[in-house]
Amino acid sequence: MSVFADIDWREVGREAGEVLAEYLRIDTTNPPGNERAAMEFLAALLARDGVESELLAQDPARPNLLARLRGAGREPALVLLHHADVVPAGPGWSVEPFAGVERDGWLWGRGALDCKSLGVMHLFALRLLARLEVPLEREVWLLSVSDEERGGGAGAQWLCREHAGLFSEASDLLGEGGVGLQMPNGESLWLPSYAEKGILWLELSAQGGGGHAALGGSGPAERVARVLARLSEKAPEVFITPEAERNLRSLAGRARFPLSLLLSRPRSPLTRRLVRSAARKNEWARTLMCTTMAVTSLEAGAAENQLPTSCRAILDCRLHPADRREACLARVAEEASREGVTVRETLYAPPSRSPVDTPLFSILTETLRRLGPTPHVAPALFPGTTDNRFFRELGLCCYGLLPVMLPFGQHEVHGPDERIERSQLERGCRIMAEIVHAAATARRSQESGA
Ligand SMILES: [Zn+2]
């Protein structure tokens, strides 16, 4: 029988809703962050269930909170990670973004999805295990960090640099990244993330020209524009990884013949051709299977009738984990050199990934299938970046999952009217508690038969 058999999940959902509303009322807009009040709020809640925590800080106004639920220590610890800071509210809200408003069964506020609700799910997983005094094989750590939205310099990046030794006691981490999606065709799909893309920012620049615009233009602006146009017209390379193949195979069961036959053989040349052409046509597929490029800044000229003497563009490339920094740079440099345009790298963060053939990923999959509204679970590549990458560098196996179903294409994360349905918060708390319980009570050495 489940350890949670006597838990009234509606009551947990109600309590979690109250905690989330209060958490949303703590304005942790980054910049400046001011996450201390959020950390003290979480610490006080944990203390009520006898869970001790400590603050680790580079900047006293922006600490990070680590709470440990004790276990037998037969396995390294499991870390539950979320960030307490949020992006600025911005315009266009129908409610006050830091009032913790509940309306029509939804909780509204900046951070309702990214990612205070995840923090509340982690918190309740820990509190329930503490309240039920469940014996654990390993410690479970709740880690709330500052400064995720602006690179983690006061948060995860600093922690992983200054307290690397601490995290050698942990082996797995659950953080943000993956969600569930309700597709336009009515199907829904859980997409826990096992990997995330890298970032490569390139500055393209050209000089020369100048003079009266009546002479006609063939100067730096035209040259940079031609490079950008050729890059955007180029068909991107499509990476079909073993994880993508696995997802194609799982789709086969739901497709009709002859597509079902093709999808069941992802390595066949015909399937590869089909997938390549789909990835080039479909924006979502392209995001998942290709390195993407976007022009995010373009500057040249000062007056309508004067030829510019310089032009500068910024290209934001998101590297697929199977792509290489040098290869991406070479593709851009090849086009740039034809026009005498200079390419300079301004930022690089490598892609990161964790294996999916692990006991923890099996637990995620099995729990989502059992408790979610859909049996379909596919390991996903997260197209953005999260703090998980810093912990992967330390050797932790990291997955991203906010167990909430979101409508495909809705952009409330970082946009106005960010909100979460209370019933989804309740189900999320249950899914998270069951995952953490299973992961903290399993003995990997037994499972592997060693
Ligand atoms: Zn986030």
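Q: What percentage of the 450 residues of the chain count as buried?
A: This is a predicted model, in which local features need pLDDT of at least 70 and side-chain atom pairs count only at pLDDT 80 or more, while totals for chains, interfaces and linings use all residues. Residues are numbered from 1 along each chain as its sequence is written, and side-chain values use heavy atoms, with hydrogens and water left out. Buried means under 20% relative accessible area, exposed over 50% and partly exposed in between, with a 1.4 Å probe and protein chains only. On that basis, the share of the chain that counts as buried is 54%.

Q: How many residues of helix α3 are buried?
A: Helices are DSSP runs of H or I with at least four residues, numbered from the N terminus, and α3 covers residues 116-131. This helix is mostly covered, and of its 16 residues the number buried is 15.

Q: Which side chain of opposite charge is nearest to lysine 116?
A: Lysine 116 lies in helix α3 and is buried, yet has no salt bridge, a term that requires a side-chain nitrogen of Lys or Arg within 4 Å of a carboxyl oxygen of Asp or Glu. Lys and Arg count as positive and Asp and Glu as negative, with His and the chain ends not counted. At 6.7 Å, the nearest side chain of opposite charge is aspartate 27.

Notes:
Helix = DSSP H or I, 4+ residues; strand = E, 2+ residues; numbered from the N terminus. Expected span 1.5 Å × (residues − 1).
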